[in-house]
Amino acid sequence: MFDPALVALQALLEPARLAALIAGMLAGMVFGMLPGLGGVAAVSILLPFIYLADDYAGLALLLGAISVVYTSDTITSVLLGAPGSPASAPTAIEGHALAKQGKAASALGVGFLASMVGGLVGALVLLVAIPVAGPIVLALGTPELFMFALVGLYFASSMVGPNLAKGLAAACFGVLLGVVGPAPAAADFRFTFGQAYLLDGFTLTIVALGLFGVAEVVAMLAAGGGIAQERSEIQRWGDGFRAFWQRKWLVLRASVIGVFGGFVPAVGASASTWVAYADAMRSAKDKSRFGRGEIRGIAASEGANNATIIADLVPTLLFSVPGGPAAAIFLGALFSFGYYPGPRMVSENPDLMYLIVWSVALASVLGAAVCFAATPVIARLTRIPFAIVAAPLLLVMVLGAYQATRDVGDIFLLFAIGAIGWLMKHAGWPRAPALVGFVLAQPMEQYFWLTWQIHGWGFLARPGVLVIAALILVPLLVGLVRRSLRVETSVGPVKPADIQVEKPLAGLILASLMTLAFAYAAWEMIGFNTDSRLLPALAVVPGLVFSVAVLAGRLRSGIDGFDPGFREPAYLGAIILYAVGVWAVGFNLATVGLLAWMLFGCAGMRPIGGTIYGAAVFGGIHGLFHLMQYAPPAGALIDLI
Amino acid sequence: MKLLTVGIAAAVFGTAALPAQAQDAALSGGTIEVVVPFSRGGATFVSAKFLEPFFEKHLPGNPDVRVVDRPGGGSILGANWFAQNAEPDGRTLLFTTSSTANPYVLEKPEVEYDLAGFRVAYSHPFSAVAYVAPSTGVTSAADIKDASGLIYGGIAAAASDLPGLLSFEVLGLDIRSVLGFPGRGPVRLAFERGETTLDYQFTPVYLTQVRQLVEAGKAVPLWTGGAVAEDGSLTARDPIAPDLPSVAEVHETLYGTAPSGIAWDAFETIASVTYAFGLTGYLHADTPQAILDVYSDAARAINADPEFQTASEDVTGGARLVPGSEAEPAIRAALQPSAEVKTYLRDLLSTKYNVRF
């Protein structure tokens, strides 16, 4: 068994292949750090380059990138509060709160190490589980996949926060976003307004970036030329190592959860990250710090998301069914080299299998090391005026959104959801339940109807279903018993830090908007087939009730306390104007205008320095467009350049 | 690979004086964009990448062929984009499947492209194999009518599952269809788990993934979607899986007559676009004949290239390209079925599968 393993290691250590692995790793790290551009973007960009050397080098290039995307995204999540990739939203919530308390080093250290462990566990699973994983993947039928999504949703309910009505309305809104597009059970297209753009529904990247990223950029711009309130000191890594070591078992458990997430096609990294996060919360004695900077939350979510993206390769290699979008591109690459994954590949190409395992393991360790080395340099970025950082950040987010369908609708949608995310932030609505609702709506509905059509009620008696149901029921029952015995367990309600002090006007606008959206959805829903109506109804009816309740509460307490010094709405308006500009006059002209406004207007840069920096940013974003072989959007009214 | 090809192109261009045929001037060198309206890593994208180096080699002047993905709207977004942006210069192709053709035939309101008006550059057949679980008691296509518990897993009735569902209508089979799977791969897994018992997979997937199940006694192959015969009907056997009968042959076995009637007409229409011309490269409607000839010649040259023959043996079981000049009349006819066929399709989809128009 170990002979081919050593042969494969030797093969990987050949200079060209090692160079490819490291090149892929560095590219993966950069794309992990750029908000919204995760593993899919990294492997898409690397795809043309895999043919430069031999097949092993080409695959090592891709694996290097896949293995570290969820390691380096910790940096963005912690330092900026915008998730580096969609599946690291919990890290952004907890890590950024810690960074604000001056504990960025601990947060990052734990994040990197947990990511590394997640990657290594993933590699180990590939190594030992491939021969035995077949039956596991086949044992997970549609009922089990449905239950897995349900568990994710249940655990995510712990993110709801102190205001039950707002939290549940936010979750319902997420599900509503998730059901846009084709219904799985019957041939209905829901809430598409006759737009071809909406026929496939919304993209995760756009929803995650919109909910979390845009609001952060607006806050940065409004902060203007000021310096970050607290400098992030990234010198004492010792704290990070100690904090990690105390939570090693939690990280391992999270990695195992992540591995199972990888076995399940379509549920994926976002779902297993939230499940692991909720597991960390459930098993914590003191729950009060969750949402306000709890290191356990980072340890769990980073361990899980990295394990998932690696374990995604298990169904990919065993059945040619990719576990996630990045794995799908990897599968395409395998095809193009003439490898046809399947049960036979394990026995026919043991070298290749071990090469994959070694690549993942090596890249995970190296990636964490490089992250440790690079962070002090990157942390200096937090000392320069926020408005200067915001300019390239916003453009990268636009590019990240634009890769979804290459339609200007991507950019509009980014800022439309961004405006909602911004309103939610200032109206005191938690955004995490909305994201989780969005992520899980589709697999939940899809697998529920498949289960229903194939098994009927009989699915409830399946052993797998019972085991997974126990994951929900046991903690629930234990909680009830404890409560009936009057054991004091909780220490006050959880108050996520992504909730700001409520701005009355934002609260009023958002509650009205949500009420309107749910009311409209309820009206359109009447025309659907019964089967297509079930899940939307489960979200729309309570969503409408909760948002009306929030609206009524808002109206009762009045909208006094308007803060004239609060300038963020103007900045939000300006970047929405930018989206309209992109549509009307094309990307180039609109971006020049945006950069001029951001650098001279917001950041107050001097003419020469600002021009040079602006040109560099403009050139850089064009370089990225070119690298991804995309043409920037052209204007609909006039197209000058 | 691209850099290499560009290098070769430069070398060829510099040294060997090109025999300047009149049509070569119509399209020579430069860049050619192949628009795939699905995401990267998908089957269509992979196929386009597979063909890319061969077109770079055999098109005049060795152009730089770029495969560009424009996913969204179940391929409608990319096709709409092509209709609005392509020029009649032969430098932008739309490379797509029946996912683009079916909404066009069914006249979905989101469709803004006139697919039958486009010119066909080349086509790549992509037939499919039906197979069944041994638990149904079926041992060959002949006893399919006696089977019990036939459950077919699919994605959506009005999209890629349409030809499969129509084949069941042609053969008069009573099948429970479970639609709503996220893709054909997950359907195959559900078959392996025993949740579904009847499945269709595209022939290349069948050859690389399902044949192992057949060898292990876990699946029984039944028939293929068929291929276009000399007379233009969809009655020939799939050249990649010549051991298996076509749907038309199975009908003869079961009922003693060749299939006919509205169900067969509908199947032939939809299945031609799906299988016989599974992957088709379209060009702008006003593309000059000289450029169309260039593509047809390139397709023939690729078919004759031993390197392509070896590669296609590995990847698609040896499928060949169909030059546009040969494929176009059949594709155009299939994309414009009679009013009766359209009515039949709409009725079937709306009554049996709750599709709304």
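1. Two strands are taken to pair if DSSP finds at least two bridges between them, the strands (E, at least two residues) and helices (H or I, at least four) being DSSP runs numbered from the N terminus. With that in mind, Val35(B) stands opposite Leu94(B) in E3(B). This is a predicted model, in which local features need pLDDT of at least 70 and side-chain atom pairs count only at pLDDT 80 or more, whereas totals for chains, interfaces and linings use all residues. Residues are numbered from 1 along each chain as its sequence is written, while chains are lettered from A and ligands numbered from 1 in the order in which they are written.

2. Strand E3 of chain B, residues 92-96, has neighbours on record in two strands. Three bridges join E3(B) to strand E1 (residues 31-36) of chain B in a parallel arrangement, and three bridges join E3(B) to strand E10 (residues 279-283) of chain B, with the two running antiparallel. Leu94(B) takes part in this second pairing as well, its bridge partner in E10(B) being Tyr282(B).

3. How many residues of strand E3 of chain B are buried? Five of the five are, so the strand is largely enclosed by the rest of the structure; a residue counts as buried if 20 or more other C-beta atoms, placed from the backbone, lie within 10 Å of its own, as exposed if 12 or fewer do, and as partly exposed in between. In a regular strand the side chains alternate between the two faces of the sheet. Here Thr92(B), Leu94(B) and Thr96(B) point one way from E3(B), Leu93(B) and Phe95(B) point the other way, and all are buried.

4. Chain B as a whole contains 13 helices and eleven strands. Its radius of gyration is 21 Å, close to the 21 Å that the globule rule gives for 357 residues, so chain B is as compact as a globular protein of that length; the radius is taken over C-alpha atoms, and the rule is 2.2 Å times the number of residues to the power 0.38. Of the 357 residues of chain B, 54% count as buried.

5. Contacts in chain B deserve a separate remark. Two residues are in contact if their C-beta atoms, placed from the backbone, lie within 7 Å. Among the contacts in chain B between residues at least 6 apart in sequence, 74% join residues at least 24 apart.

6. The contact between the chains takes 44 residues from chain A and 43 residues from chain B. On the side of chain A that touches chain B, helix H15 (325-336), helix H16 (343-348) and helix H20 (432-455) each supply at least two residues, and the largest share, six residues, comes from H15(A).
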